[in-house]
Every structure is written in structure tokens, then in C-alpha cells.
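Work through the exercises below with the sequence and the structure side by side. Try each task before reading its solution.

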Amino acid sequence: MRWMAFAAVAVTCVTLQTTVAPHMAVGGVRPDWIVVIAVFFAMHARTLDVVIAGWFIGLLADFQTAERFGVLSIAYALAALVAYATRENVFRTHPLSHFAITFASAIVVQASLLLYYLLCGGFGGGSVSGHLVTAGLIAVYSAVWAPPLHALLLKMSPWLGLSSPRYSHAGLAHAQ
């Protein structure tokens, strides 16, 4: 993986997450584009690169918060590990795979945040069930964004130093 290209994508993503995503909110639920990007790299990078990429993009997200520094780094690293663990069992270039794995990874991020808030003394208003519903909606909304964003990033794979799977054993080889 080309780390400078990854850093450019990660910084762009975190910048868009903090500036554009609030305007994309539907009913108070905004997409988590950071998890979409973390899943993409987890599905296409080498093993060690997956953990580093997930942690780094979480670290960038941590810089945007003041109250929970370190929590997002761990949450996105765990989300990247979930995506990495499932990538050999799905077609990595299929939009349904992008949706499903991003949904599962977003649930990991949201569950990590909910656990953090529970351990730190609550949510500051609202019920646990309300926060669970919101977490599920964030995961769905983020997963909806995965197919188009992954398609864009797949086109950028050579620039990012990532190889696309060929699936030659299934008769689905990509023309290079």
C-alpha cells in the first residue's frame, strides 16, 4: 500500500466527515464515511496494513473530538479487523459485500462507542434503546454509501498500491 496516497484519502475522508456529513443527515442520523473507507482498505490491503490503516484513520477521527481521545482509534481498528476477517468469504468487488461488511463494521464502531459511554457513566440524556436504534440507523446509512464509495476507490486502486482480487477460480477474472 502506498501510505502517502492512503494518508491523502484518509485526511480527505475525515475532512468531509466533519464538514459535509452533518449536511447529509437524515432525521439526525449522518453517515459514517470513515468506517466506509476503513472497510475498503481492510478488504484490499495486506494484513498488517489493515490494522495500521484502521487505527490511523481512527486516530484522525480522534483528533476531531475532545472528550474520548483513543476510543475511535480502537473502534476503527476493530472494525477493520472485522472486515479483514470476512474478506476471504465474499466477493470483495461486489456491492452487496460492500454493504454487508460495512454494516457489520459500523455496528462494531457504534457498539464500541456505546460501551464507552456506558462505562463512563451514561449517555447524558436519552435511553439505551434510543441510542441502540440510532446506532443501527447510522450503520445502515453508512452501509448505503459503501457501494458507490468503494467503486470510486476501486478505480483508484493502482494509485493506492492495492491489488484487486481476480477470482480466476470462479471464472470471474478481471481484465487487467
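The exercises that follow concern a predicted model.

**Exercise 1.** State which elements make up the chain and in what order they run.

Solution. Begin by counting: the chain has seven helices and zero strands. Then read from the N terminus, which gives α-α-α-α-α-α-α.

**Exercise 2.** Check whether the span of α1 agrees with its number of residues.

Solution. The helix α1 covers residues 3-19.

**Exercise 3.** Find the buried residues of α1, where they lie around the axis, and what covers them.

Solution. The buried residues in α1 are Ala-5, Phe-6, Val-9, Ala-10, Cys-13, Val-14 and Gln-17. They cover an arc of only 160° around the axis, so they sit on the same side of α1. In general, an α-helix has 3.6 residues a turn, so residues three or four places apart point the same way. The cover over the buried residues of α1 includes α2, α3, α6 and α7.

**Exercise 4.** Decide whether Pro-31 is buried or exposed, and list what is in contact with Pro-31.

Solution. First locate Pro-31: it is in the loop between α1 and α2. Its relative accessibility is 0%; buried means under 20%, so Pro-31 counts as buried. Leaving aside neighbours within four places in sequence, Pro-31 is in contact with Gln-17, Ala-21, Met-24, Tyr-141, Ser-142 and Trp-145. Of these, Gln-17 is also one of the buried residues in α1.

Methods: Residues numbered from 1 in each chain as written. Predicted model: local features only at pLDDT ≥ 70, side-chain atom pairs only at ≥ 80, totals over all residues. Heavy atoms only, no water. Helix = DSSP H or I, 4+ residues; strand = E, 2+ residues; numbered from the N terminus. Buried < 20%, exposed > 50% of the residue type's maximum accessible area, 1.4 Å probe, protein only. Contact = heavy atoms within 4.5 Å. Expected span 1.5 Å × (residues − 1). Arc of directions from axis to C-beta.
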